[in-house]
Amino acid sequence: MLNPSAYALGANRSCIRDLFEYGCQRAAVVGRENVYDYSLGNPSIPSPKEVNEAVCRILADTDSLQVHGYTSAVGDYAARKAISDDLNARYGVNTVPEEFFLGCGAAPELVSVFRALAVPGGEVLAIAPYFPEYKPFAEEAGLKFQVVPPDVPSFQINFPALEERVTPNTQAVILNSPNNPSGVVYTRQTLEKLAALLEKKAGEYGHPIYIVSDEPYRELAYGVEVPFLPGIYRNTVICYSYSKSLSLPGERIGYVYVPRKAADGEELYAAVAGAARACGHVCAPSLWQKVIARCAQLRPDLESYDRNRKALYEGLTQMGYEMAKPDGAFYLFIKAPGGDANVFSQAAKKKDLLLVPGDGFGCPGYFRICYCVSYEMIQKSLPVFGELIREFENV
Ligand code: PLP
């Protein structure tokens with residue numbers, strides 16, 4: 001006998017993975033340069049050179065037992081202090097190292113936070129479009145997963161729909177800004193409005209409603225502000241990751257920030273640590289904690305992402321494609337010509353152009369482009385987008 005939901009998750013590959021695998025097969029037949037694969041969000045800029053230098057220095061200068069040994073379950077103090085110091089300097093806040101829990105990337109951190117908040121009957125709200133993994137993370141943790149329909153076409157927050165869905169069982173709202181898949185950054189005004197709504201509802205229900213802020217893309221913003229949410233809403237828990245900001249997705253390193261001044265802050269921190277313990281996710285990779293202790297202040301060089309973003313946004317908009325302004329992350333979320341993103345993506349696939357339909361993101365009728373690819377691929381693929389929109393205009 002097996003756990004049926006675990007089996008279903010393992011047996012059914014995600015649509016993104018399927019497309020990626022298909023792209024690899026096609027590349028073997030027609031050549032890599034003839035497949036326009038916009039499916040997967042694997043960073044395409046190298047880690048800052050200081051990161052690689054830090055790795056070399058740590059390996060050369062530190063006793064190997066110490067480099068590769070277990071750290072404290074919540075993470076090395078030096079790494080937590082470096083993160084805390086960096087946030088304090090950037091945002092003028094007063095975090096302390098004891099508020100940070102070093103994790104193995106945003107995914108397991110979200111799982112731990114959801115498990116920490118999973119009371120009987122508890123619900124969590126995700127704002128469409130959203131990262132598809134939130135659903136299994138929340139449901140396997142024991143929370144009911146509820147979706148707030150999108151705010152079209154800006155992809156900020158649909159407040160009337162959100163307000164309808166907040167109930168006495170609402171434990172948390174998941175936010176992801178800059179957003180995967182829309183590339184939208186929530187404005188300060190949107191976040192202040194959200195904070196006011198949640199404060200009002202929490203007051204009515206007599207218990208806190210947390211914001212779980214999933215922030216792997218915080219550093220990927222192109223000339224717009226990404227506000228530090230705990231400064232706007234006290235009951236914010238951050239799940240941060242270095243997967244995209246330092247191009248380290250394979251190294252599995254990030255942190256959870258639980259402010260002490262949040263409601264039940266110290267207990268919530270303990271519950272997050274306890275949930276991580278129950279999942280076997282304590283003691284994040286030791287070498288990478290040491291790297292973060294030296295590199296927490298580094299930011300990515302966004303020049304090549306920005307060039308890709310502009311080429312696609314301008315090129316596609318001129319052709320007649322419609323999308324919200326992509327101010328962050330490395331995604332565009334585009335309205336499918338003809339209205340059905342699955343039909344459109346199938347037609348694109350026949351031209352070796354791989355686009356992810358928006359259904360899995362809670363937003364049918366749109367498709368996602370992930371532009372951490374080469375500029376040359378973008379240039380070669382633009383005429384194919386042109387052919388497609390013309391075909392669908394004539395339907
Ligand atoms: N959240 C979002 C919105 C993501 O896009 C991703 C990965 O692509 C994750 C979480 C998981 O990131 P990590 O590699 O840090 O586990």
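Predicted model: local features only at pLDDT ≥ 70, side-chain atom pairs only at ≥ 80, totals over all residues.
In the domain assignment, domain 1 comes in two pieces, 4-48 and 301-393, while domain 2 runs over 63-295. Across the boundary, 30 residues of domain 1 touch 31 residues of domain 2. As for salt bridges between domain 1 and domain 2, the count is 0. Taken over C-alpha atoms, the centres of the two domains sit 27 Å apart.

Moving on to helix packing, α6 (residues 106-117) and α7 (residues 134-141) make a pair whose axes come within 8 Å of each other. The two axes cross at roughly 35°, and the crossing of α6 and α7 is right-handed. On the α6 side, the contact is made by A107, L110, V111, F114 and R115; these meet Y134, F137, A138 and A141 of α7. Sorted by type, the residues of this contact come out as 8 nonpolar and 1 charged, with no polar ones.

The backbone has a few spots worth a look as well. Most peptide bonds are trans, and most residues other than glycine have a negative phi. Against that background, the bond from V152 to P153 is cis, with omega near 5°. P153 belongs to the loop that links β4 (144-148) to α8 (159-165). Another cis peptide bond joins S177 to P178, this time with omega about -5°. P178 is likewise a loop residue, lying between β5 (170-175) and α9 (188-205).

D264 is not a glycine, yet its phi is positive, near 55°. Its place in the chain is the loop between β8 (254-257) and α11 (265-278).

Terms used: Residues numbered from 1 in each chain as written. Heavy atoms only, no water. Axes fitted to C-alpha atoms, helices over the stretch in contact; angles between N-to-C directions. Helix = DSSP H or I, 4+ residues; strand = E, 2+ residues; numbered from the N terminus. Left-handed = near helix turned anticlockwise from the far one by under 90°. Contact = heavy atoms within 4.5 Å. Nonpolar A, V, L, I, M, F, W, Y, C, P; charged D, E, K, R; others polar. Domains from an automatic or database assignment. Salt bridge = Lys/Arg side-chain N within 4 Å of Asp/Glu carboxyl O.
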